[in-house]
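Hello,

Here is the structure I said I would pass on. My notes follow below it.

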Amino acid sequence: MFKPSPGGTGANGSEPQVDKYPVIETIGLTKTYTMGDVEVHALQGVDMTVHVGEMLAIMGPSGSGKSTLMNIIGCLDVPSSGLYRLDGIDVAMLDDNALADIRSLKVGYVFQNFNLLPRTTAQANVELPLLYAGIGGRERRQRAEEVLKTVRLDHRGGHKPNELSGGQQQRVAIARALINRPQLILADEPTGNLDTRNSVGIMELFQQLNEEQGITIIFVTHNPEVADYCDRVVRVRDGLIESDERNSPVGGEAPPFQAMPSVATGQ
Ligand SMILES: Nc1ncnc2c1ncn2[C@@H]1O[C@H](COP(=O)(O)OP(=O)(O)O)[C@@H](O)[C@H]1O
Ligand SMILES: [Mg+2]
């Protein structure tokens, strides 16, 4: 089993920290989809450990199993075999209620298409997970205002998605992901629909959340510039980890973003 050196980079981007524990540990993870009499082996034995505070990119060609892996890590799907521990808990032991709690309380999801409710203000979009959690109106408003401030959109809470730029919509989606103070953010191609300038802003925001709040962040991306912001890049091919490399720490220095590849790469 591949064993990465423990911990993310230090807060100052220097020493790896050895006192951090795994937030994610998979051993021999497999996922087989059966379609008629055809079996698709989407994951064929993935061993991966991610420590608290890491910011890592999962890369790989289309069909290599990235989304399948992300869905299992996010407890949106279950593996066919193998072990998955999230924050030390064997996820297979959890009932539906416990899984729903993990999905809403421990993990924040950010998608390429933002997934905001269209006819609803930014503020209401951000409050939604709290509404589901049964939290009262006053606390919802306060907490939504707080996270909108974190993503620097406190002046835009009353706007609907179509009144916001793509970058601003993704900030709303990130605020919504933050509202339950997750330990882990999973972001699938979060800059895939954004231009270069907005991509830089979003990656700097993720970097800030990682460094200042210690949130563990995992990206799925085709974009090497997204990966350049990460401590670590895991490459997946044919349902297996092909390589797992630690980047030199980026620290406060954001690498330059080159032209974004087209959204329609088909990958
Ligand atoms: N729900 C599904 N049913 C059947 N096959 C699937 C399903 N989801 C993914 N696959 C197959 O599993 C493999 C990995 O898919 P996926 O994890 O989506 O790859 P990636 O995200 O890297 O493009 C592909 O061959 C894909 O066609
Ligand atoms: Mg995918």
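Which residue of β4 does Thr-26 stand opposite? Thr-26 faces Tyr-84 in β4.

This is a predicted model, in which local features need pLDDT of at least 70 and side-chain atom pairs count only at pLDDT 80 or more, while totals for chains, interfaces and linings use all residues. Residues are numbered from 1 along each chain as its sequence is written, and chains are lettered from A and ligands numbered from 1 in the order in which they are written.

The sheet

Helices (H or I, at least four residues) and strands (E, at least two) are DSSP runs, numbered from the N terminus. Strands pair if DSSP finds at least two bridges between them. β1 and β4 are paired antiparallel over 5 bridges. They belong to an open sheet of 4 strands, ordered β2-β1-β4-β5, with antiparallel pairing. Its edge strands are β2 and β5 (89-90), each of which pairs on one side only.

Strand β4 (residues 81-86) is joined to β5 by 2 bridges. Across this pair, Leu-86 is opposite Ile-89, and Arg-85 is opposite Asp-90. The hairpin of β4 and β5 has 2 residues between the strands, and Asp-87 there has a positive phi near 55°.

Around ligand 1

A residue counts as near the ligand if its C-beta atom, placed from the backbone, lies within 6 Å of it. The residues around ligand 1 include Tyr-33, Met-35, Gly-60, Lys-66, Ser-67 and Thr-68. β1 (22-35), β2 (38-51) and α1 are the elements that give two or more residues to this shell, and α1 gives the most, with 3 residues.

Helix α1

In α1 (residues 66-73), Lys-66, Thr-68, Leu-69, Ile-72 and Ile-73 are buried (20 or more other C-beta atoms within 10 Å of their own; exposed is 12 or fewer, and partly exposed is in between). Seen down the axis, these buried residues fall within an arc of 165°, so they line one face of the helix; the arc is that of the directions from the helix axis to the C-beta atoms. After α1 comes Cys-75, with a positive phi near 60°.

The core

A nonpolar core is a set of buried Ala, Val, Leu, Ile, Met, Phe, Trp, Tyr and Cys residues joined through C-beta atoms within 7 Å. The largest one has 61 residues, and Ala-57 and Phe-219 are among those with the most contacts inside it. Helix α5 (residues 166-178) supplies the largest share of this core, 6 residues.

Regards
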